[in-house]
Amino acid sequence: MKKAIALFLALSMVISLAACSGGSQVTSGNTTPPTNSGAPSNDTNSPSDGPTYHWQVGNVLAADQPWDLGLVKFAELLNEYSGGRMELTVQSGGVLGSEIAMLESVQMGTLDFSICSTPSMSGFVDSQNYFDLPYLFQSVEDAWAIMDDWLAADRCAALEGSGFKGLGYFENGTYMVGSNVRIEHPEDMQGVRVRSHSSNLQSDSFAAIGAMPLSVAWGDIYTSLQQHTIDAVSGTTLTNMYGGKFYEQVKYITMTNHHFIPSLVVMNEDLWNSLSSEDQEIVQKAFNEAVVYQREIAFEYAETYKNNIVDSGVEIIDVDTAEWAEAMSSVYDKYVGTVGIDADMITRIQEAEAALQ
């Protein structure tokens, strides 16, 4: 079923490759310091007409994981479609800093590209706050159908003038809760110290059900679970929970699926604007095709990792998401109409999802 869903979504992406549009060697995990490489070099031995570019993209997650693999594919396609003029080095594993630090670098122009979860971008612009609303979509399949139809392009366009050019979104997954206390119903979260993303909206989603949300940096999650500073971890997907090895420190993973959080890939806006229309087309085409590949890989990895987690002895708990959605619904009353979240947009999303049923 997962492969069928992945194939359908991939085909839909091929049909609408303009999701967010209007190196000779690819390395992953390279520790070369970032440089402002937005300006083309004067390489007269370029394999094709036009300027030669040497770019870097930062990724906080580990190499050989879906984010990294999608970026490597993007780099390969850039190099191919530019005739070797565009070389992109993938810097994974957080070697260039945190998501926030890398986004600051992209905005300032000292880093060319970066990938982030949408809550991290919410600290810079309000346009991504919609994804922090709990249970905005009923399923991942519905979410991607709406994203591919219009929402991804709409949210990328909303970045204009912010210093970021949104190329589009990779698959990341939905958030769940890994814990050392058994959680099935919202009331089971009463008093639980849960690692949440720094997003106020996400923290308030947990506070609404009586939990104690704590902001813990990504690199400190494993130790915080190990030392019982926190009782549970959220603000992460199943794939990233496996990649970060957090499952080693919990007994249960509750599939709350409370936030659909795509991963946004951005480019420095001035760098994008400096490209010719032909080179902009190359960049967007390469990215859109990388999205198809990355999404297929992400779904496959999630299924494999889930099986591996179960084999390790961790219990996977499925829940009644309607019950959880109702318990967190007060967040809508607090935030819709503020922080860039428009009631009309919520209605449009809900109507689009209803049309899919």
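Which strands does helix 6 lie across, and at about what angle does helix 6 run to strand 6? The legends below take up this question first and then move to other parts of the predicted model.

View 1. Helix 6 lies across strand 5, strand 6 and strand 7, and runs at about 155 degrees to strand 6. Within this helix, which spans residues 200-207, the buried residues are Leu201, Gln202, Ser203, Ser205 and Phe206. These buried residues pack against strand 5 (177-179), strand 6 (193-196) and strand 7 (212-215), and also against helix 4 (118-121) and helix 12 (330-335).

View 2. Six strands in the order 7-6-8-5-9-11 make up an open sheet with mixed pairing. Strand 7 and strand 11 (315-318) are its edges, and each has a single partner strand, so one side of each is left without a neighbour in the sheet. Strand 6 and strand 7 run parallel and are joined by four bridges; arginine 195 stands opposite leucine 214 of strand 7.

View 3. Strand 4 and strand 10 (residues 263-268) run antiparallel and are joined by six bridges, and glycine 168 stands opposite valine 265 in strand 10.

**View 4. Serine 162 in its loop.** Serine 162 is found in the loop between helix 5 and strand 4 (164-170). Its relative accessibility is 17%, and because buried means under 20%, serine 162 counts as buried. The side chain of serine 162 reaches the backbone oxygen of leucine 159 at 2.5 Å. When residues up to four places away in sequence are not counted, serine 162 touches Gln107, Val125 and Glu269. Phenylalanine 124 is 38 residues from serine 162 in sequence, yet their C-alpha atoms are 8.1 Å apart in space.

**View 5. The nonpolar cores.** The largest nonpolar core has 70 residues, and those with the most contacts inside it are Trp55, Phe74, Leu78, Met121, Leu151 and Val283. Helix 5 (residues 140-157) gives the most to this core, contributing nine residues. Another core lies apart from it and has 16 residues, including Ile230, Val233, Phe246 and Met255. Methionine 121, with neighbours within four places in sequence left aside, is in contact with Leu103, Cys116, Gln128, Leu159, Phe164, Leu264 and Val266.

**View 6. The protein chain as a whole, for orientation.** The protein chain contains 13 helices and 11 strands, and buried residues make up 54% of its 357 residues. Its accessible surface comes to about 14,600 Å², of which 49% belongs to carbon and sulfur atoms.

Key. Residues are numbered from 1 along each chain as its sequence is written. This is a predicted model: local features need pLDDT of at least 70, side-chain atom pairs count only at pLDDT 80 or more; totals for chains, interfaces and linings use all residues. Side-chain values use heavy atoms; hydrogens and water are left out. Buried means under 20% relative accessible area, exposed over 50%, partly exposed in between (1.4 Å probe, protein chains only). Helices (H or I, at least four residues) and strands (E, at least two) are DSSP runs, numbered from the N terminus. Contact means heavy atoms within 4.5 Å. Accessible areas come from the Shrake-Rupley method with a 1.4 Å probe; for residues, only the protein chains shown count as cover. A nonpolar core is a set of buried Ala, Val, Leu, Ile, Met, Phe, Trp, Tyr and Cys residues joined through side-chain atoms within 4.5 Å. Two strands pair if DSSP finds at least two bridges between them. Axes are lines fitted to C-alpha atoms, for helices over the stretch in contact, and angles run from 0 to 180 degrees between N-to-C directions. A polar contact is a pair of N or O atoms within 3.5 Å; within protein, one must be able to donate a hydrogen and the other to accept it, and residues adjacent in sequence count only if both atoms are side-chain atoms.
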